[in-house]
Amino acid sequence: MGDWKTITVPMLSSDSKNILSYTSERKRSPTSMNSQVLHLSLPSYKNMHSFYSAFCTEENIEQRVSYIDRELTTLGFPSIYAESKGKELNLVSIINCINELLVLQHKNLRAQEEVEMQHMKLGSDMDHLQNCYAKLKEQLELSKREIVGLQERDRQLQSKNRNLHQLLKNEKDEVQKLQNIISSRATQYNHDMKRKEREYNKLKERLHQLVMNKKDKKIAMEILNCVGRADGKRGAWRTDKTEARNEEEMYKVLLSDYEQRQKQLLLENAELKKVLQQMKKDIISLLPPQKQKPKEKSEDGLVLSDQEEDIGELNKENMWELSCETVREQLTNSIRKQWRMLKNHVEKLDNQVSRGHSGALNEKDVISREDHELETEKLELEIQQCKEMIKTQQQLLQQQLTCDDDTSLFLQDCYLLEERERLQEEWRLFREQRKNFEKERKSFTEAAIRLGLERKAFEEDRGAWLKHQFLTMTADYKSENVTTPSSEPDIRFVKSASLQRKPPSVLSAPVSAELCQTSQYIAQNSVASEKPAADNMPNLWVESDDKEETE
Amino acid sequence: ASCVQHRLVVRDASSLQLLQLYTCLDQIQYIEWSSDSLFILCALYKRGIVQVWSLEQPAWHCRIDEGSAGLVASCWSPDGRHILNTTEFHLRITVWSLCTKSVSYIKYPKACQQGVVFTKDGRYVAVAERRDCKDCISIFVCSNWQLLRHFDTETQDLSGIEWAPNGCVLAAWDTCLEYKVLLYSLDGRLLSSFRAYEWPLGVKSIAWSPSSQFLAIGSFDEKVRILNHVTWKKITELDHPATIASKRTIVYKEVEKSPTVDRERLSFPPTRELASSLFSTQSKYDISQVPVSLQYVKPVADRPNPKVGVGMLAFSADNCFLATKNDNIPNALWIWDIRKLKLSVVLEQLCPIQSFQWDPCQPRLAVCTGTSRVYLWSPAGCVVVQVPGEGDFQIVSLSWHSSGDSMVLLSKDNFCVCYLEREEV
């Protein structure tokens, strides 16, 4: 747009005013386009009108047309003049040019839109980035301040630490000094004590001499008669022999004491060795067989093979009789290795459990503890039961075996008697039951007969009642159909009985009176048999219902 | 046997019936039975005389006069026929023989707590001596008083020696300024030495277990250290703190029971029994809930021989229990289970404990605190036994009979015998 501006200005210098207004218009439109981004700021109809009139008027139309033609040709459009004929306008080409210009205009507008969109986006991005930048700057400031604070604290703490160290050193030095003081004082006291003791000893010696010298008659023992020794022996002179004997005795005493102690220790040792052996066996049995995975645990496998060899060796020899150090070491080392392996195994199991039930193999391998315990309990119960059974069976067998012939016969007799009695009891019961059953059957048959009779009676009643009903309901109809066959005295009798009873389905009083009359009339005449009555019944009943309804 | 002023009274142990009565020249300070219970020696320290009486022949008499040498201590030898007198200033120990009227002298004995100890079987005697400012120990054969061994000890100031019950090991400990316990074998070799710490006050009391397996050392730091006889190294330290927090220990606390008086039975003038029961307080044992804090007596800092530390130790006869008393907490008695090496029972009394002794046959402990009650403990429980009688009978010490059926309770002026019934099984 801008370029076009510059080109157009010098070209249309003649119509400067128009051009100016045109250019100003042109100028305005791009700026207006800049400010109002989205909508095409097409000038209003009025502006357009003025705009167009400003550019081209009646007087300069040819000029304008030629100008337009020149412009279009420079832009690459075909000329708007008709070929070879000057000043005659080719409408088609004009329209094409216009169309193309319009298209171009649209394209330009779109491009402008896009550019403006991008411009806006970039503007917002920029804003955003500026905000971020500002925030980051703030954060940086804060963290810098924090660092400074922390460094300050760190410095303080270090200085405190140094002070405390210093104090500690001082205290330690003091303690050392005090200890030195104490030791020096102690030596001083010892020295003084020794001096005093020597003096004291001298005094004692002096006193002793005095006492001995005096030869007091008083220092004597007055005894009535000598007492025999407690053990009856006579006193012995002090000779070398006695000295030797004393030594001997003393050594004997000591030796016996040592021997006793050694015996105790040997026993303890033996016990402990047994316990260790047992423990080793248990540990070996607890460990899972590792022969299947030789590749994974090459080292452990080697160790295992060594262990097995060792185990074989050690088990062959009588461990508890050997007590030399190498054997002892071997035993303890082997136990330690086994224990370590067991520990590793247990740790592996723990890991498996903690990792969860991953993989089917793990699930199969790991039996839950509760199941295991349940199974062991069940097995124990079974074992107990079996043991008890065996015991009882053994007892029975013994009884059978150990009892004599007489007793066995006797026993058999007893058994037979028992059985016979039992059978008699059962016979009695059986007979009683049979009697009961007979009674019941009789009563049932009687009841059935009664029931049958009752039913018959009931049926007859029912039949009579129905008939009566039928007759009463169809009294009107019966007046027409008089010639109905078969008059059964029974039925009549029943009817009269029913009439007397007056079934409740009779409606209102006057109606009933009418019905009675009619029924009497009917009773005198022959009555329809049951069958046709029955056949007609439903229809009649329906009709009677209708009748009832209407009445 | 008991002595009253200058008279010796001998009674029968089961019936307290008067059997013999002897008169000595002066006030008797010390009496001792001979090992075969045939003779009694009465030592009159002031006069320097020892008189011996025979039970079988009341007419027989013997008098040993030390003269100007003076007499400080006197005891029988295990064979019952020799008397060892320690002269004044510990100048010498004279061994008087009743059989041969002969005399032997042991020079330079040491003036210490326990200087002369006999083995349990009575064969040997160890005497602590001090020559040229050095401690040494001499071992004599009791049968002929010949010197067996003589060796130096590495102690500053030997404070005591004690034989192990098996007679093969001798424990010697130093003064309380130095913590040092030395163990010597019968032939004088040093087996081991034990030192727990250097500067604070050291060993206060020592006891061997009856099987000679353990040596319990009570020290001034309120702890008991137990050594084992195989390595002579410490197996455990038993502490005596003022608060007991462990849930496994039972604390029996003596509680005063207010005496119940039957209103109806009051009569005027009040009978003697009633008066005594009113005035003497009854007490019983209650079990206190753990944690319990015991009465703690702070020791005076600058006095010698402070009342701190474990002052009394005793093993029970079956080697299962150890009873200790911490002098800081004088009202409490601590009973430890040796098999578990744990504190099992604490008895808290109302008054400071004067003495206690185990029954020689069963794990039964009798304690007296200076009141007129004796306290008995056994693993089954504990009981307070009131000494019936008028007035106050303040038990100061007690002593079991060797059969464990009775014990003698001593107060200042009187004594009584307490008979224990055997359970009918």
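Start by selecting B:N331, which sits in the loop between β29 (321–326) and β30 (332–337) of chain B; strands here are DSSP runs of E with at least two residues, helices are runs of H or I with at least four, and both are numbered from the N terminus. This is a predicted model, in which local features need pLDDT of at least 70, side-chain atom pairs count only at pLDDT 80 or more, and totals for chains, interfaces and linings use all residues. Residues are numbered from 1 along each chain as its sequence is written, chains are lettered from A and ligands numbered from 1 in the order in which they are written, and side-chain values use heavy atoms, with hydrogens and water left out.

Is B:N331 buried or exposed? B:N331 is buried, at a relative accessible area of 6%; buried means under 20%, exposed over 50%, and partly exposed in between, with a 1.4 Å probe and protein chains only. Now show what B:N331 touches: leaving out residues up to four places away in sequence, the list is B:Q295, B:L347, B:E348, B:Q349, B:L350, B:C351, B:P352 and B:I353. A contact means heavy atoms within 4.5 Å.

Next, select B:I137 in strand β14 of chain B. B:I137 is buried, with a relative accessible area of 0%. Among the residues that B:I137 touches, beyond those up to four places away in sequence, are B:A126, B:V127, B:F151, B:L158, B:I161, B:L170 and B:A172. Draw a distance from B:I137 to B:D152: the two are 15 residues apart along the chain, and their C-alpha atoms are separated by 6.3 Å.

Move on to another open sheet in chain B, made of 4 strands in the order β16-β17-β18-β19 with antiparallel pairing. Its edge strands are β16 (158–163) and β19 (190–194) of chain B. In chain B, β16(B) and strand β17 (residues 169–174) run antiparallel and are joined by 5 bridges. Select B:W163 to find B:L170 of β17(B) opposite.

Then select B:L16, in the loop between β2 (7–11) and β3 (18–23) of chain B. B:L16 is partly exposed, with a relative accessible area of 32%. Together with B:L410, B:F415 and B:Y419, B:L16 makes a nonpolar surface patch of about 310 Å².

Finish with chain A as a whole. Its secondary structure comes to 15 helices and 1 strand, and buried residues make up 16% of its 551 residues.

How values were computed
Patch = residues over 30% accessible without salt bridge, like charges linked within 9 Å, V, L, I, M, F, W, Y side chains within 5 Å. Areas by Shrake-Rupley, 256 points an atom, 1.4 Å probe, with all protein chains shown as cover. Salt bridge = Lys/Arg side-chain N within 4 Å of Asp/Glu carboxyl O. Pairing = 2+ DSSP bridges.
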